Amino acid sequence: MNYKELLKYEKSFDPKDWDEMEDLAHKMVKDMFALLKDIRNQPVWTQPTDDSKGAILGEALPIEPKNLNKVYQDIKENLTPYYKGNIHPKFWSWVQGTGTVSSILSEILVAGLNPDVCTGDHGAMYIEKQVIDWLKKMMGFPNNASGILVSGTSTANLTALLIARDKATNQVVRKQGMLEYNSRLIIYTSTEAHSCVIKAADIMGLGINSVTLVDTTSEFQIDVQKLEQAIIEDRKKGNVPFCIVANVGTVNTGAIDPLDEISKICKREGLWMHVDGAFGAFAKFAPSHKKMLKSMNAADSLAFDTHKWMSLPFGTGCLLVKNKHHHRNAFAIQPDYLQVHARGLASGPDPIFNYSIEMTRGFRALKIWMMLKEQGLNKIGEIVQQNIAQSYYLGELVDDEELLELVTPVTMNIVCFRFVPQEKMSEEGLNKLNREIVVELQEFGCAVTSHVYIENKYCIRIANVNHRTVKEDFEDLVKDVIRIGNTTKNIFK
Ligand SMILES: Cc1ncc(COP(=O)(O)O)c(C=O)c1O
């Protein structure tokens, strides 16, 4: 190969025509704003057509360049109309943040500046440090605590459990592995905990069975007596209890475990207290729930997502750790090529890779930083409180309807109910009927809910973290559920 010949025609990915690119950028932002401005008048969900799926899935690997205007045309035809729905005011499925208009702008800046926020003396490192400091303050963690932005609560929980394991085993497992440690390490959480806790135990090599799922009370909170009993039994067997994962907002019903009691058990037994507050941690900013969550900061670590109740783009989870040294001890590693220098770009704050599973990391912090500055904590709290109030309102609407059954009392932002026709119907028939209602709500584009089984009853489940919802949306939902229930009930008799 003649290298010198090749280097006569050096290329880059930059546009040939910057003005054309700028026009397209304005068009994209304008289109996105138009979509969001009018989203209430659009269906909540539109199933991708066979043509749109075929156009995406059947396309040959692009070898030659295509004008970006044409690429955008493909997006407008085959992607935009089939959005997931969580941007819509009538979307209450799983626990999915709605997104904000200003996040569109922060994503542009993140991609434009494109820093790897891992190490070094550059602006993004300080934005991340400040964001962690703000999040610590928001959640009542001390100034000298540490924190890390991660993809989501699944990763935050895994990160916390690794730190807890290393503290409990005095680094033996980190250095020598489980074989050398030679005892079974046990995590406790309730049967209502999110499955990512079990997955974390699996990834850590502890094994799925090392998570003891403790029964809950009728309020779906961990049964503290059973928890204490399980710890005693494990110790008798020679197992090593090391962590309790308390839930602040369970995924099924939004239940909050008794934090004071769990904290006492952890102190007495020498266990790490981790809180999974994926969405529920934000209830702290609602006056109605503030008191209930006042002991959340008793935890050794707290996981939550700003992409749920703070409406930020996905991929913005957080873990806070009270003892910075335990956090650092679990991840610090110092290869020569990552040596920190006294001056220059390779200087700066303690590298984030010393606290993180990831090495190269995106600029998650800017989105949080911009949102906090733009909206302020008070407004975030008001939205959280509004969503809780709307959920209680929906609970009352359901209670007032003869054909609807509120399956669990509303305690926060989750509402679980079902349609029960006057005609007698088996439990199996009711389950099938309610599943049909959930699917038809989606297919008609009226609303997107998810489902949960409570004592084998299939329930329509609303998780309300939606800043675009207004109370009339729940009035419509109740009407739509009853209408679909009445028109389809005969199929399932
Ligand atoms: C209580 C709880 N924990 C953990 C998770 C997992 O969070 P992520 O999807 O951000 O990893 C969720 C997701 O909804 C959740 O509700």
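How far apart do the C-alpha centres of domain 1 and domain 2 lie? In this predicted model, they lie 32 Å apart.

## Domains and their contact

The domain assignment divides the protein chain into domain 1, residues 115-362, and domain 2, residues 376-492. Domain 1 brings 22 residues to the contact and domain 2 brings 20 residues. Between them the two domains bury about 1700 Å², with 70% of this area on carbon and sulfur atoms. On the side of domain 1, N252, T253 and W309 supply 35% of the area buried against domain 2, more than any other three residues.

There are 0 salt bridges between domain 1 and domain 2, while 4 residue pairs are in polar contact. Helix α13 (residues 287-290) gives the most to the side of domain 1 that touches domain 2, namely 3 residues. That side of domain 1 is made up of 12 nonpolar, 9 polar and 1 charged residues.

## Salt bridges

The count for the model comes to 27 salt bridges. One of them joins K90 and D476, with the closest N and O atoms 2.8 Å apart. This pair links distant parts of the chain, 386 residues apart: K90 is in the loop between α4 (68-78) and α5 (101-113), and D476 is in helix α17 (residues 471-488). K90 is buried, because its relative accessible area is 14%, under the 20% limit. D476, at 29%, is partly exposed.

Another salt bridge lies within a single helix. K136 and D133 both belong to helix α6 (residues 123-139) and are 3 residues apart, about one turn of the helix. Their side chains meet at 3.0 Å, N to O. K136 is buried at 5% relative accessible area, whereas D133 is partly exposed at 29%.

E5 and K8 also form a salt bridge through their side chains, at 3.1 Å from N to O. E5 is partly exposed, with 36% relative accessibility, and K8 is exposed, with 55%.

N239 is located in the loop between α11 (224-237) and β4 (240-247). Is N239 buried or exposed? N239 has a relative accessible area of 17% and is therefore buried.

Apart from neighbours within four places in sequence, N239 is in contact with R184, I186 and D234. With D234, the side chain of N239 makes a polar contact of 2.9 Å.

Notes:
Residues numbered from 1 in each chain as written. Predicted model: local features only at pLDDT ≥ 70, side-chain atom pairs only at ≥ 80, totals over all residues. Heavy atoms only, no water. Helix = DSSP H or I, 4+ residues; strand = E, 2+ residues; numbered from the N terminus. Buried < 20%, exposed > 50% of the residue type's maximum accessible area, 1.4 Å probe, protein only. Polar contact = N/O pair within 3.5 Å; in protein donor to acceptor, adjacent residues only side chain to side chain. Contact = heavy atoms within 4.5 Å. Domains from an automatic or database assignment. Buried area = accessible area lost by both parts, 1.4 Å probe. Salt bridge = Lys/Arg side-chain N within 4 Å of Asp/Glu carboxyl O. Nonpolar A, V, L, I, M, F, W, Y, C, P; charged D, E, K, R; others polar.
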